[in-house]
Amino acid sequence: MKETGGRIVVRALEDEGVQLAFGIPGTHNIELYDALAASATVRPVLVTDEQSASFMADAVWRASGRLACANVVPGAGLTHAMSGIGEAYLDNAAMLVLGCGIRRDTGKAYQLHDVDQQTIARPVTKAQFRPMDGQELYAVIREACRLARETPAGPVFVEVPANLYLTTHECEYGAPSHPTPHTLHPAEIQRAVELLDASRHPLLYLGLGAAHADLVALAERLEAPVATTFQGKGVFPESHPLALWPGFGEAAPPFARQVADRCDATLAIGCRFGEVATGSYGMAVPRPLVHVDVDAAVFGRNYPADATVTGDASVVVRALLERLAAHPRDEALRAQLHEGREAVRRERSGAGEAGRVSPFRLLPALQERFGPGTIFTADSGNGTFLAVETLRLDEPGKLLAPVDYSCMGYAVPAAIGAALARPDCPVVALAGDGAFLMTGLELLTAAQRGVPVAVFVLNDGELAQIAQFQDVALGRKTASVLPDLDLEALARAVGVEFVRLSHDAEIPAALTRVAATLAAGRPVLVDMAIDYSTRTYFTRGVVKTTFLRLPWRDRLRFVARAVGRKLGV
Ligand SMILES: Cc1ncc(C[n+]2csc(CCOP(=O)(O)OP(=O)(O)O)c2C)c(N)n1
Ligand SMILES: [Mg+2]
């Protein structure tokens, strides 16, 4: 029997278990939207801007491990969605970018929205498809979904020519074949085991790619302190006595550096030693370095590896556990880790700026109030680093942050996507005031659909992450001070509850109101006067690392300029 293109695509989404399709319809895909309206399992979600559509789909994956789709019109819809697609690409979040395209059956030029979408999508997607025949539609969508999920996950683009939606096609609905899994090389495992057995104090360094492996058993076998990347925060329970810090170089607190400096080998799993995670390559990685990843392309790019193992983290860790000798329990190390964390907590629990809210009080209070299931979303800016350094997470998928593409505007739409995917979890967005200006209107979508998200606007009146660098390095701030915005009026305009949080003493009462609003199934906007007077370890470390890497002449020039400006000369 023949089916319409729209029905065929929806059937493929249903068979892939895709339940959420975020986007804005246009003339090219109204037939697809019409078919979506008839689906029992795939929900179309209307957004205010397609960048939110891709941020939401990204968050569905990160929060639930389920694939979602950004459903966009040709040209303008795709380019609006590019920010979230780029984020998903660099942060390895799976997503189906379901685009559509001009008619390919008329031969006409200068059609509406006609740009070369395959070329636009290529640098930010794992693969691009353009089925030309309706008979291919089902198989192409299923293959795109499979590729998007395959580790390392990422976005995959499919451009469906509009004419395929307008006509009917013969189609077969067979399950796609699965590629054969990668097999381990015993020699690689053997070499890794030799190096780790020979070390007295190995360090474990884990990225998100290590999730699902038996990491607690591995850490305890090696009696190794465990550092993670930012993305990997929570893959190893941070309440475990061997947990070190998210990172361990100049951009980490002194105790984390001291512990790492004492190590005589590193086992890195599912990470790439990217610029952000390493604090601008300010980590001295103890050698020998054993690097494990499913993607051999990551080895040796920034830090030379002494041994590499290509393979799925769970499989490799299982193989290592079969062979690795047990290291003796190291009470001194465990005490040092405990004391180090306590010292950080003490250092930060002091009085901050009067009349403002300390992030070091607010974030633990949020964790206590909403519990371990809470999903936090953060944005590009100071808030991400505060969240990374302050939250204590025992699972991955609980802090969703734009790390490697670092795109502002992520937190609010990501919170909505996460809340739709995980209605069982409280969801809290930590949005910088600058980032909020980009996608904050998406609260309208949350209000209209009754999505209970708590959006905390970290209101400091500045683009702080940049302003702080400018202040230290340049002695003045340029184009980084924000205009005033009446957030209470905005909350009223989009129909969400509003809470003002001006200083620490108000935290308990404010959280009670936030909890009551979420429990009633409604979103809430919290205007919070954030205290940024304590610089994060990350910011301090990156400034130092970058500065020390400059030639002497330029260091002097920088210092003279900053000091001169501070003194007003
Ligand atoms: C789309 C985009 N534009 C610009 C930047 C550069 N940038 C990185 S952090 C930052 C400051 C963010 O300010 P805000 O949202 O107020 O957060 P804060 O740092 O003040 O907490 C800027 C402008 C970016 N990362 N993404
Ligand atoms: Mg700000």
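Reader: Where does Pro551 lie?

Author: Pro551 lies in the loop between α21 (537–549) and α22 (552–567). Helices (H or I, at least four residues) and strands (E, at least two) are DSSP runs, numbered from the N terminus. The model is predicted: local features need pLDDT of at least 70, side-chain atom pairs count only at pLDDT 80 or more, and totals for chains, interfaces and linings use all residues. Residues are numbered from 1 along each chain as its sequence is written, chains are lettered from A and ligands numbered from 1 in the order in which they are written, and side-chain values use heavy atoms, with hydrogens and water left out.

Reader: Is Pro551 buried, partly exposed or exposed?

Author: Partly exposed, because its relative accessibility is 48%. Buried means under 20% relative accessible area, exposed over 50%, and partly exposed in between (1.4 Å probe, protein chains only).

Reader: And how far is Pro551 from Gly282 in space?

Author: They are 16 Å apart, C-alpha to C-alpha, and 269 residues apart in sequence.

Reader: Switching to the ligand. Which residues are closest to ligand 1?

Author: Ser406, Asp433, Ala435, Ala464 and Tyr532 are the closest of the 17 residues that surround ligand 1. A residue counts as near if one of its heavy atoms lies within 4 Å.

Reader: Which helices supply that shell?

Author: α14 (382–390), α16 (433–439) and α18 (464–474) each supply at least two of its residues. By type, the shell has 6 nonpolar, 8 polar and 3 charged residues. Here Ala, Val, Leu, Ile, Met, Phe, Trp, Tyr, Cys and Pro count as nonpolar, Asp, Glu, Lys and Arg as charged, and the others, Gly among them, as polar.

Reader: What polar atom of Asp433 does ligand 1 have by it?

Author: A polar side-chain atom of Asp433 lies 2.6 Å from an oxygen atom of ligand 1. For Gly434, a backbone N or O atom lies 2.9 Å from a ligand oxygen. A polar side-chain atom of Ser380 lies 3.1 Å from a nitrogen atom of ligand 1. The protein covers 77% of the 590 Å² of accessible area that ligand 1 has on its own. A polar contact is a pair of N or O atoms within 3.5 Å; within protein, one must be able to donate a hydrogen and the other to accept it, and residues adjacent in sequence count only if both atoms are side-chain atoms. Accessible areas come from the Shrake-Rupley method with a 1.4 Å probe; for residues, only the protein chains shown count as cover.

Reader: Next, where is Glu223 found?

Author: In the loop between α9 (215–222) and β10 (226–228). Glu223 counts as buried because its relative accessibility is 7%. A polar atom of the Glu223 side chain lies 2.9 Å from the backbone nitrogen of Asp330.

Reader: Which residue caps α11?

Author: Asp312 caps the N-terminal end, with a side-chain oxygen 3.1 Å from the backbone nitrogen of Ser314. Buried residues in α11 (residues 313–323) include Val316 and Leu320.

Reader: How many helices and strands in the chain?

Author: 22 helices and 19 strands. Buried residues make up 56% of the 569 residues.
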